[in-house]
Amino acid sequence: MSTTTAPAPGASQEDLARLDEHWGERPSIRSWFSTVDHKRIGRRYLVTASLFFVLAGISALAMRTQLARPESNLLSPQEYNQLFTMHGTAMIFLFSTPMLFGFGNYLVPLMIGSRDMAFPKLNALGYWVFLFAGLFMWASLPFGAAPNAGWFAYVPLTDDVNTPGLHMDVYALGLLFLGIATTAGSINFIVTALKLRAPGMSLNRVPLFVWAIVVTAFMVIFALPALNLDNAMLFLDRRFDTHFFDPDAAGNVLLWQHLFWIFGHPDVYIIVMPALGIVSAVLPAFTRRGVVGYVLVVLAIVSIAIISFGVWVHHMFATGLPHLSYSFFSAASTVITIPSGIQIFAWLATMVLGRLVVRVPLLFLIGFIVTFVLGGFTGAMFALTAFDQQVTDSYFVVAHFHYVLIGGAVFPILAAIYYWLPKITGRMYHEGLGRWAFALVFTGMQVTFFPMHLYGLFGMPRRVYTYRSEPGWDVWNLVSTIGSYVLAAGLLLVLIGVVHAIRRGRPAPPDPWGGDTLEWATDSPPKPYNFPVLPQVHSLHPTWDEASRASMGDDATADRTLTDGRRTLLTSELDGRRERVVEMPEASLQPLLLALALLVFFTALLFAWYPVALAALLAGAVTIAVWLWPPRRPEEELGVVS
Amino acid sequence: MNETRDPAYARRRRPVRHAVAAATLAGALPLAACAGDSPSALNPAGAGAIRIAGLWWVLFWISMAVFAEVMALLVWALVFRRRHDTRVRHGQPLRFVAVAGAGVPLVILVVVYALGLRDLAALGAAPGRDAPTVEVTGHKWWWEVRVPGVDGATANELHIPVGERVRVRLRTADVLHSFWVPQLMPKTDLIAGEVRETWLHAERPGRYRGQCAEYCGTQHAHMAFQVVAEPRPQFEAWLARLGSPARQPQTDAERRGQQAFVQGTCAGCHAIRGTGADARVGPDLSDVGSRWSIGAGAVPNDAGHLGGWIANPQTVKPGSYMPPQPVDAERLPDLIAYLRSLT
Amino acid sequence: MRAPDLAAATTTEALTTELPVGRSTGWWGMVMFVATEATLFSCLLGSYFYLRFQHGGEWPPGGIEQPKLLRPLVMTAILLPSSLPMIWAERGIRRGRRWRLRIGLAATLLLGASFLALQGTEYDELLHEFTITTNAYGSLFFVITGFHGLHVLVGLAMVSWLLAASLRGGSFGARRHDRVRNAAIYWHFVDLVWAAILFTIYLSPRL
């Protein structure tokens, strides 16, 4: 594989020194807490989300061990029910989205040729809130007070009569808390991608990964409020005796389900979409050409996002709604498979036309295609109401969504880890170790989850802490459990590979793969200011095109070097025309303070210390007021007439 | 186990079809698991489930065909497109992507959607006005079974006449549950504050396992039931039993047991028709001796398990609403004898 | 543009001011925030209609009287026009007229506060008839109007904050007024949502 040399520096030593002075952060405890560098924040997202993944994975192993044989007493039902709820909740909310947002955080500014995100302090706030919300939820587990009614928390099981105790308060408040981080991150991604792209990066030159992240962010903007409202109403019903979900007082239990799935189905794509973006980002380097049908893939991404808001009722096909509405939602759910089909065949065509370079990231992409396609088939089956009614809430659906989510999100994430590890850490991973990890993860995944299709069809419902031997599910369950240990061993090997790379890996060149996007046109790992000279983009594959590369080298100009201050460029939303230079904020402790105030607020709500909650809210408001307080400027600069 | 084996029950399995299912799905994995009482949706015994099994096989073979196509492209790329001298082609075969990724799937999906609608309509067709009706109420964690016009109840077991469509009216006393008999009929959820309807049909006699499919709390795992499909006369006999007082105690032990039941804590929650015990907190026990299990599928219904259950249900079904019973050691055998005599 | 102007306009100093060339990141951020908030209110009002139509029968349920119209109409007549001084203030500061900013913000503050005061008197009366715990209608009524009231309060906090910054001086002018514009977007949004609430809560039960 050819490795390119570092781009010829277009900035003088003097320029670099000044950039360092404005952007560099001396390692100190204060800088650790106050940093607003998107790369440090992105790395933290990745590490924290991985930690939650390990916790949720250990929960899954405990469950699989319990289910290895019938009538096992390893776990009590109360323990099992908390574990499966935390497994689902954490994998969906605390691992998938934050992990992909972590990659987005690290990569979006690099891919679009910017020096940071649009709102670096908001970005830091997002991370702290995510961390605190995750700890808030996991902390309940050792006290036996973890959420225990499934990740979709149907009422009336979750009301204060049927689930007393803090369990579901932790769930509702934890997700509301986390929602702040997800919303803030999404707004940041959208604005960053709209305004901070390098000059010349018109919409048709935006990398597919950035498209995927931005479309995902839009989905979050419009989907998350439904979940937030749902959880707020649940908390009010539990704590303050409102009756939103109480059928005896004009409430309705299905309101919860509608709102939950109006969020929940888009959320499936919120998880999978950035991962599909990873596939489109990784594939060019290992096929030596761009992804076939750029415009088709973009259209597919956008149409999935739109259609995904019209399919939520397929999660409620067994609730006995009118058949007319079932026919409509069944049609919409059927249609949504088509844009995914377009993407799959675009990638296949890319592989067939290109030259395959078989390295670990490509192996995971192949694993992704095999697994995700199988999950897609069962997904299309679930679109058919009649079939859905037979297999929903059985192990068949457990098999289905693990094929979609492990195939569609975890495999691309693993590909991304190997692909961008050299960029993020500046070290190469060990290829042999990576291949073993792939073999184990892929085998373990199939052995664990394929049999679930079978015992689902054989009548085993999901979310049972044990089962009897008579129905004949034991052998298959044992196979699944063995598979889960193989899968865990594979994932452990991934972790070992990463640690090995960081400690022993050979230094990575700026562009070890011959990638096409801008992150490969700067150092590994990048300097705090990302690019000494912001690029002028001339094509969809700037790192493969001479003019774009030269814009950072020989053709560098002072108005793209911007050495006096923490500065980056704003460009126009559609065609990436240069607009103006903006000043970026310095490191600050305010994001951490605000996140702490919110942590106190939600903890106080949980324990019903309402005066403390009010005080925390006021403290948060004051922090925001100070954060946004305008600096005093001379009147001439402001332009004041009178 | 007290389960009476209907001879038809033993015959009804179709090992061949089941083996095809398992073998095509999972290669050469052992088929041992298909034996036993597997409530498999691929071994359907009623009009509803037979339709869905048919739909499944159509979907399955279509999926396999498309999967073969995808695998062929992948393997082709992996075999022929990785040599170092492979020339990268820079074409944009948009037509291929559109046809293979959208056109062909669209045609397949339209056909499949039509099949799905047909089956949805078939499942939705309500049984005739004079079809027998059974009312099922979900409780945490057992099923209450009643028949309109009949003053009596049973639990975790409902009878239907073979070859007839039976309307099932579903309610819940607490949280959401889901009524699922894989071999007979797909799921219908029990919605708090609403009444839902489904129907059951079995084309051959037998005992069909059903289980709650919507997570409903601590003991969701033990909320199973059986549908007993039997010829019309037996079904009518069941109806008659349901409406009449429970069997009177015959032996001294049984009489002492009945006394212990009525005067002890049992009657605070349970009913036995004709004894004056008519509480409706827990299941009606008028025919408890004939039921297929104790605790909605938690343990088999035999003397040993019954004794253990009465003494402390929390060791058998932790979290269940029945507290440990302070029954004297010498009274317990009487109580067991009485309850087992209630058939 | 004459040549000397062009030269002056392209010096680094000129380029680094926040002269309104294209939309700012703050503008986009606020628009996205408002979009997600608007979705939240849509879900809330959608829940109102969902519960109403699923309930069927008499609405409001449980013998609660139809909401009275006079006061909410007065509140509307106060809140909707409160956007006008805001617009006037924002246009003023765009031309560097700081007095217009200060007077406009003060007027908006006054109108918004009157709205909240009226809402307080309404609550005071209604709470004798029904509360948040009476039934789902009570929950919807107080949560929807209360949540909106909270938004008005946040909007008022923003306006006061702008006013304080403006009174200090050295904050806003023709070249720097992003914060004013963003707060104004939020305020207009809070106004518009009230129109939707007026229709849903007060008018729709009479339809």
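In chain A, 24 residues of domain 1 are in contact with 24 residues of domain 2, contact being C-beta atoms, placed from the backbone, within 7 Å. This is a predicted model, in which local features need pLDDT of at least 70 and side-chain atom pairs count only at pLDDT 80 or more, while totals for chains, interfaces and linings use all residues. Residues are numbered from 1 along each chain as its sequence is written, with chains lettered from A and ligands numbered from 1 in the order in which they are written.

- Helices H3 (38-67), H4 (77-111) and H7 (208-240) of chain A are the elements giving two or more residues to the domain 1 side that touches domain 2; helices are DSSP runs of H or I with at least four residues, strands runs of E with at least two, numbered from the N terminus.
- Domain 1 covers 1-66 + 99-251 + 518-642 of chain A, and domain 2 covers 282-425 + 429-505; the bounds come from an automatic or database domain assignment.
- The domain centres, taken over C-alpha atoms, are separated by 26 Å.

**Helix H15(A)**
- H15 (residues 431-457) has 27 residues and reaches 39 Å from first to last C-alpha, close to the expected 39 Å, which is 1.5 Å times one less than the number of residues.
- Of its 27 residues, 19 are buried, meaning that 20 or more other C-beta atoms, placed from the backbone, lie within 10 Å of the residue's own.
- Just after H15(A), A:Gly459 has a positive phi of about 100°.

- S1 (567-571) and S2 (578-583) pair in the antiparallel sense over five bridges, where pairing needs at least two DSSP bridges.
- A:Leu570 stands opposite A:Arg580 in S2(A).
- Six residues lie between the strands, and A:Gly576 in the turn has a positive phi of about 60°.
- Five of the five residues of S1(A) are buried, so the strand is largely enclosed by the rest of the structure.

Notes:
A residue is buried if 20 or more other C-beta atoms lie within 10 Å of its own, exposed if 12 or fewer, and partly exposed in between; C-beta atoms are placed from the backbone. Two residues are in contact if their C-beta atoms, placed from the backbone, lie within 7 Å.
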